[in-house]
Structures are given as C-alpha cells and as structure tokens.
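Let's take a walk through a protein together, starting with the big picture and then zooming in on a few spots. Keep the structure open beside you as you read.

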Amino acid sequence: MPSVTLPLRALLQKARPAITRLALLPGTIRGRILFAFLVMSIITAALGGYASIGIKRAGVLVAKTFDESLMSINYARAAAADFSEMQAAFARRWSAPDPITQRKLDDEMADLEQTLSEDLSIAAERSQSSRAARAATKVQRAVDAWSEARQHLPAGVPPNRAWELLDPYASTVAQQIDLLINYTAGDGFTYRQSARQAVAVATHLDLAATGGALLISALVAWLLAQRITGPVAVASAIARRIADGKLDGVIPRGAPDELGALLAAMAVMRDNIRAMMEREVAQRRTAQVRLADALESSREGIVVVDAGHRVALANSQAADFFGCAPERMTPSDLAETAGSNQLAKTVLSFDRTSPPTFEIQLKDGRWLRISRSATQDGGFIIVYSDISMLKNQEAQLTSANLLLDAALDNMCQGLCLYDSEQRLKVVNRRFCQLFRLPPERIKPGITFRDVLELSVAAGNHLGKAVDELLSEELSLIRQPPANTRFQELSHDRVLAVARQPTADGGWVATYEDVTERRRAEERIVFMARHDALTGLPNRLLFAERIDQAISHIGRSGAGFAILSLDLDQFKQVNDTLGHPVGDELLRSVAERLISCVREVDTVSRLGGDEFAILQCDLERPEQASGLARRIVEVLSAPYDIEAQPVTISVSIGISVAPGDGASYDILLKNADVALYLAKADGRATWRFFEPEMDVRLQVRRALELDLRDALTNDEFEIFYQPLYDLSENRIIGFEALLRWHHPTRGVVSPGDFIALAEEIGLIIPLGEWVLRNACTEAISWPRHVKLAVNVSAVQFKSERLVKTVTDALTISGLPARRLELEITESVLLAHNVTTMDKLHELRNFGIGISMDDFGTGYSSLNYLRSFPFDKIKIDQSFVRMMSGKDGSLAIVRAMVALGNSLGIRTTAEGVETKEQLAWLRGVGCSEAQGYFFSPPVTAREIPHLLAKWNTLKRAAG
C-alpha cells in the first residue's frame, strides 16, 4: 500500500501548479481570449448546424412534394384511365354477339377493376393528407357502386337505358377522381411553399446569426483590447522608466492577471530588471504559443494583418486555403503567390472600403465565406469559413425547385395559386395556354383582377365586363368547396374549374380543357336517343315525345296520331343489291319522310325498315289520312341509289289518341295491328286501327300457338295431287301437299298456315317431316312415278337442307331420280353463292329441280339462265284465263316455247276443263296438273287413281 501512495502523492504534487493555473484561468487575459474564441466557435457551429437542419427540412419537403404528391397524381390519373377502359369494355360487352366475347370482356373488366384498385391504393399511400386518402377511398367506393350497378342491370334492358342507369355512378367516379387529384396537387403546392419558406427563414436567420456573431466577435476583440491596452501602457511607461534607470516611480497595483503580476514583479524585483524583462518576454512568448494553438484548433482559416498590411499571424487552416505551407504565410510569399492565387490577391487588396463579408470559390471547387473585422492597431482579422456543404445543399434545393417547376409546367391542367390578398403566387404554363394569355404578362405578384383583365382582353369572355366577371368569380370563391364547375369560353371551349382554399386565406385553382369530352358526351347523349344510320329519333326518344303529347292532351284537348310504317319490298332490295344500297335507301326514305311532316311532328326509326311518325295537334282523323296518302305517294316515287333505280312502297297503320289508347305501348301496338292488316290488304296502303282488328290479331296468335303444338300432336297429313304426262297419257308423279287437321277448326289449308310457319321458324322442322314421310310413302309407288315436294325459301337458309334431303332418301330407300324439289323465285332473289351451291349439290345427287309459279316473279328469265332447271310450272292464273282476251294464252304459248327451246319440261297448274287441256296439248305443254285429273288425295287413294288414269286410253285433245 505505501508503495502505491507515494507515486500518487508525487504525481499530485507535480500537477498542483497546473491545477492552480487552470482554476485561475477565467480571471486571466488568456482565459478571456480562450473563452472568447470558444464562444465564437460555438456560435459558428450552432449557425452551421441550424443551416444544415433547415436545408435538410426543406429537402424533405421538396422530396415529399415531388416523389409523393406527383406520384399520387399520376396514379390517380391511371385510375381514371382504368375506369374509362372499364366503361369501354362494358359497352363492347353489351353489344357483343356471342357468350365467348362477353366472357372475355367480363375478364377484362375484372382485371381493370383490380388494376384500378391497386392504382388507388398507391395514390392513397403516396398522398400527403388524410383528405386525399379519404378521397381515394371514395373513388374506390364509387367504382364498386358502378360495378355493382352494372352487374345487377335487369336482363334485356336496352343499351340506352343501361347507360342511363350507369351514368350517375360513372359521373360520381369522375368527380371523386378529380377531387383526389385536386387534393393531392394542393398538398404538393403546400409542401412546396413550406420548403420555400423554410429556405427563406433559414437564409435570413443564418445571415442574422452571422451578423450577430461578427458583432459579438468585434465586441470581444474590443473588450480584450480595452482590457489589455491600458495596463500594457502603464507597464510600458514603468518599463521605459526602469530602462532609463528611473526606478523611483510609483508602480500602481495591477489587476489579478498577468499584467498585475508583471507590475508586482517589477516593484519586487526592480533591482533585478533584466531578470524581470526576460521573464516578461518568456511569458509573452508562452501567450503567443497558446494563442497559436487556439487558432490552429479552429476549423476556420484565420489571418491577422497588421496596420502595415503585413501578415502578422495565420493558422494552418488558412494556409491550406491559400495552398501553401504555414511558414510561407508572409507578405513577400503572398505577393509571389498572388500571381496565380485569387485568394492571395484578395488578402493583399483588402482596404477599409472592402466589403466585410463575401464569398469566393477556390480552384479545387471549395467555397469560402470571407469575413473581415478591423483591429485597434489599424490592421484587421480575416476569417475564412468553408461553406462548400452549404453551397451543395443550396444547389440541390435549387435543382429540386427546378424539377417542381418543370412538373408544374408540364401538367395537363392549368394551375394558379393566390394568397389572401388575391395576388398570384404560382402559375404554370398550361394556364396561359388555356386562356391564350401572354406568359410574360402572367407573373407572380399581379392581382386576380389583373389576370381577369388580360383574359377579357384576349377575348375569352365575350359580352362580359371585367367588373361583372370579377364579381361572379369572387362569389364562387367565397362559397364552400364544391364539385368541379364548368366555365364556357369563347370559340365553344369549355374548362373544368376546381378551386380549393388554402390555409393562409388564399385559394388554388386548376383548369382542365374538357371541350372534347363535353362534345363526346353530347354525341353520346345524341346517339343514345337517335338512330345511328338516319339520325332520326329512336324508340326511346319517340316514346318520350308520345308521353309529352299525352300530357299535352290533358291541357289543350288536342289529339295526335301515331303512324306505324313498314317498307314493302325492302328485304328484296337488301338481298339483291346489298346492305350498303339498303342503308342508303333508308337514309333517303328518312329524308322524304321529314319533308312530309311539320316541325311539330316527329319522325322516328324504330329499327330495320320500320318507321313511326307522331302527328301532333290532330283536330280530325282526315288529317292523318292525308299525311298517310302523301307519304305513300312520296315514298313510292323511284329512287336512284348508286346509279341503280330502286322502287319500293310503304304500308301504314294509324292509331289516334286518345280514342285508340292513352299510353305509348297501347297506341304503338294498335298502330302495328293496323299496319299488319294494311300489309294483308295488298300493301302500299294505310289502315286506321279498329277494335275488331285486335280480335283478328288475337285469332292469328291463337293459330300460331296451335301451330306450334300441331307437329308434336301429329295433326299434319300429306295429300298428293297427280302430275299427268300429256304425251304418254298417264300419271308420272305426285306433288306432296300438306294439310293440317285442327282439333276445332277442321282441315286448315296451307295458304292459311304456311306463311305463318315461315314467320315463326316452324317451316324447317315441318319441311323435314314432309320430306321424310313423303319419301317413305313414295317408295311403294310404281318405279316410273316421281315425288314432287315444295321447299320454302326459309328452308334454303338452313345449313342442314342438303343433309335433310339426302337423309330422307337414304332412310326411305327412294332413288334420287324419283324426287323433284319445287322452289319459288323467292329462293333465288338473293342469288348468292351459297344458294346456287346448294342447288348444284342437290342436282349432282340426281334430284330434279323445278321452278314453281313461273311468270309471277321479277326476273324469271335471268334465273333460267343462271341455273339449268329440269322443269318450270306455269302458274294457274295464266291457265285459267287462257280463254279470255287478256293474252294469257299467248303467254302460256311463249312459256312453253321457251321451255322447249331450253330443253326444260313445262307443267301447267290449275287445269280444270277439257278445253284447257286441249289448248295445252296444242301449244306443246309437257305436263298438266289440276282438279280435272283429281283433287289432292291421301296416300291410300293413290293406287286407285293410278289404275283409273294409267289404264284408260284417251285420245289426244
């Protein structure tokens, strides 16, 4: 233990003087100087730290503005694009013709809905405020509501009605997306302003703190000079007297510091003056060393220049800035360096007129802030601070501001930010473009009124003065924030304007050009209520006009009429000349109809070749009759379409309100009933609705229902009428004729139900049933007896016709040569490749092809040239009138001669007398058919009929 205590005690003894000096240091000059430099260093460090924090905060605000707000805006716009694609996919899905396409579009809408949800999530995540996040949530809810409404649309609802149901939801989505974008943009601008304010505050405080530091440094230097100069002067005078040998002077008592100690030492050791002077010199040298140490520990470069403009002191940090060794910091060395060193030139050129603080950049890229303060001896102290980091941060902030300005200038929306004094703070280039204003005139600082004056001068607000426009705009600004409003400018331009207040009492406004969107919406509304081909009102708008007319009846008592129109022979035009000609014909019909009515009337296209007219202010039914007569005359006039003459007619059904009904559905139904009977009366005419018409239509509908069940209930039977060969004097075939044994009506003639079967699509299974059963019964006939079966034009549209015929032959075993198919000219009206291919395919099987009712169509001679028929059947209307003077006999003779010249057999229908038979033999007709030989009989009676005619020898004629 004693061995440890003794070294510790010796160490304490050695350290005691140093501890004593350290305790006395605050009261000494050295302590004050050290304390002064410590205070200056702390102030400088605090100033640099505060500047770094402020710049870092501004950088964070700028990063939030650029990286998050702009990103949120972009994803919000991406969500808007996703929703537009969802609407387009839904529109295509609604008009998709097949389930596969509909499923693909459903999958596409599901993917778009997922993408939209992800875009909204990112937009909310990147947003800067809770209101923007809530806006993103509302957008998602609005999209979900639109999807829910779309999925629960009633089945069979028309596209126009579907859009009406979905439009409110789509509008809500668009509004919520615009609100999200506006919130995010406003947050971005708020953070940008905060960044600018932070930079401004940091800059001002930094300058103020720097000035304060300089003042404090000057004050410390002045106090130190005052504290040292007086005592030094007294000590110098005493020293001078002592040097002169005058040691009788009174030596004042000094302060308890180094000078006081010096004076005390001079009084105590005046006899040993040299020793005291040496001690004083030693003490001065010690003080200079300590001062040099303090200067060397500073991060700033410090150069002390005396009154003679010579470098009295410089630390190593200053030498580093000058690019030379510390020992070369002398006036002569600086003069040599000044030739190539700008900093040296600056030091040597300092005078009292030089600025106290400025900045300079060294060749190595570093930036220095140079501060100069004068000393009491006429010199000055120069402090060099390295501000390279601060400069870099300022450059980064400037770059961020430039990027933000670039983002604003490249926005698709115009933007303006006003303060509480209605002065413009921020504006982008797009705003000037939208309002066609000169950018050099729209500068921050001008008032809102100035902007409106420039806009009025640019012609954006025709008919409005600046005061009126300013009053309107300010009233809108003072109102609570609402949905986007639309501002109409001159030249038919429309802007969507959204305003949001700012915290300082100003507001931010965005402007978007929605002219094309507005026009597209107007076109969509027009298309939803008008026919795309003719531009006439469609069924939806026509129903609205009728509802208006019904309500008008109650106020004025005036009635109205509905004319239901159907074009006659339009299908033949489409089939023979093609759909483009048919479309052009419909447009021409629409123009003629418009020319027939008044402005108060409405012409509508309901679909296909169906038109309807609302004739308003009807005082008596004769007015509707007059309009119908005019329409029939005008539409029956020939058309010239694509250099081809076209002739059609029109049938019209008329219902009059309120007598024929008090609602759209009833009135239109009654007009359709009248139209149906007008067509049954021979077309090219008009009929008014009568109550008994509906009764007849109900009878027809009942017949239709019975006809659908007749095939299942086995109510049909095939009858056969013989075909008599005039050269061989025998029956060579039978034509199959269908009869319907109705349970209550009895036997129904084909003329009463075949057309109806073709209308409802029952003719195809019915025709197949006839083919199968007739072939099965014909197999038991003599081999020379053929079977003739009529084939409807509707059956020829079926893809399975050829297979049906061949299957019937295969199952029954009937040879193809014994089967003849009879077709009418309506089968060949389309004259398309498919029809001709089917005919040739049947002909190649060995089946005979006959043209029925020859001479009653439109272009029979062309048909005879286009296809090699085996037989033509002369219509019974010509045979019955052969004895008359209307030329029927000549026509029959010409038909027979034509057939003989082409190698085609001819069959005369409707033979009832011997005279008719004799005339037919005389003109050379091949076959005859009619009641003269036999009415249609059942299959059981055929053997008896064959025995009667084929064994009886008859003389020719």
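**A guided look inside**

Tyr 724 is buried, and Phe 933 is buried too. Keep those two in mind, as we'll come back to them. One thing to know before going on is that this model is predicted.

Let's step back for the overview. The protein has 31 helices and 26 strands. It has 957 residues, and 43% of them count as buried. If you take the contacts between residues at least 6 apart in sequence, 60% of those join residues at least 24 apart. The accessible surface comes to about 49300 Å², and 56% of that belongs to carbon and sulfur atoms.

Now for the outside. Tyr 50, Val 201 and Leu 205 make up a nonpolar patch on the surface, and together they have about 250 Å² of accessible area. You'll find Val 201 in helix α5, which covers residues 159-243. Is Val 201 buried, partly exposed or exposed? Its relative accessibility is 42%, so it counts as partly exposed.

The largest nonpolar core has 77 residues, and Leu 787 and Leu 821 are the ones with the most contacts inside it. Helix α23 (residues 763-778) gives this core its largest share, 8 residues. Apart from that core lies another one, of 38 residues, including Ile 73 and Trp 146. Back to Leu 821: what does it touch, if we leave aside its neighbours within four places in sequence? Its contacts include Leu 771, Val 789, Leu 842 and Ile 847.

Aromatic rings are our next stop. A pair of such rings is described by how far apart the centres are and by the angle of the planes. The count here comes to 18 aromatic pairs. In one of them, the rings of Phe 716 and Phe 753 have their centres 5.9 Å apart and their planes at 45°, so this pair is tilted. Phe 716 sits in strand β18 (residues 716-725) and Phe 753 in helix α22 (residues 750-760), so the pair ties together parts that are 37 residues apart in sequence. Both of these Phe residues are buried. They also belong to one aromatic cluster with Trp 740 and Trp 769.

And here are Tyr 724 and Phe 933 again. They form a stacked aromatic pair, with 4.7 Å from centre to centre and 20° between the planes.

Let's finish with charges. A search of the whole structure turns up 24 salt bridges. Arg 843 forms one with Asp 870, and their closest N and O atoms are 3.4 Å apart. Arg 843 is partly exposed, at 28% relative accessible area, and Asp 870 is partly exposed as well, at 29%.

Glu 927 has two partners to look at. With Lys 871, the closest N and O atoms are 2.9 Å apart. Glu 927 lies in strand β26 and Lys 871 in strand β24, so this pair ties together parts that are 56 residues apart in sequence. With Arg 905, the closest N and O atoms of the salt bridge are 3.0 Å apart. Glu 927 is buried, with a relative accessible area of 2%, whereas Arg 905 counts as partly exposed at 33%.

Methods. Residues are numbered from 1 along each chain as its sequence is written. This is a predicted model: local features need pLDDT of at least 70, side-chain atom pairs count only at pLDDT 80 or more; totals for chains, interfaces and linings use all residues. Side-chain values use heavy atoms; hydrogens and water are left out. Helices (H or I, at least four residues) and strands (E, at least two) are DSSP runs, numbered from the N terminus. Buried means under 20% relative accessible area, exposed over 50%, partly exposed in between (1.4 Å probe, protein chains only). Contact means heavy atoms within 4.5 Å. Accessible areas come from the Shrake-Rupley method with a 1.4 Å probe; for residues, only the protein chains shown count as cover. Patches are made of residues with over 30% relative accessible area and no salt bridge: like charges are joined within 9 Å, nonpolar side chains (Val, Leu, Ile, Met, Phe, Trp, Tyr) within 5 Å. A salt bridge is a side-chain nitrogen of Lys or Arg within 4 Å of a carboxyl oxygen of Asp or Glu. A nonpolar core is a set of buried Ala, Val, Leu, Ile, Met, Phe, Trp, Tyr and Cys residues joined through side-chain atoms within 4.5 Å. Rings of Phe, Tyr and Trp (its six-membered ring) pair if their centres lie within 6.5 Å; planes under 30 degrees apart count as stacked, over 60 as edge-to-face and the rest as tilted.
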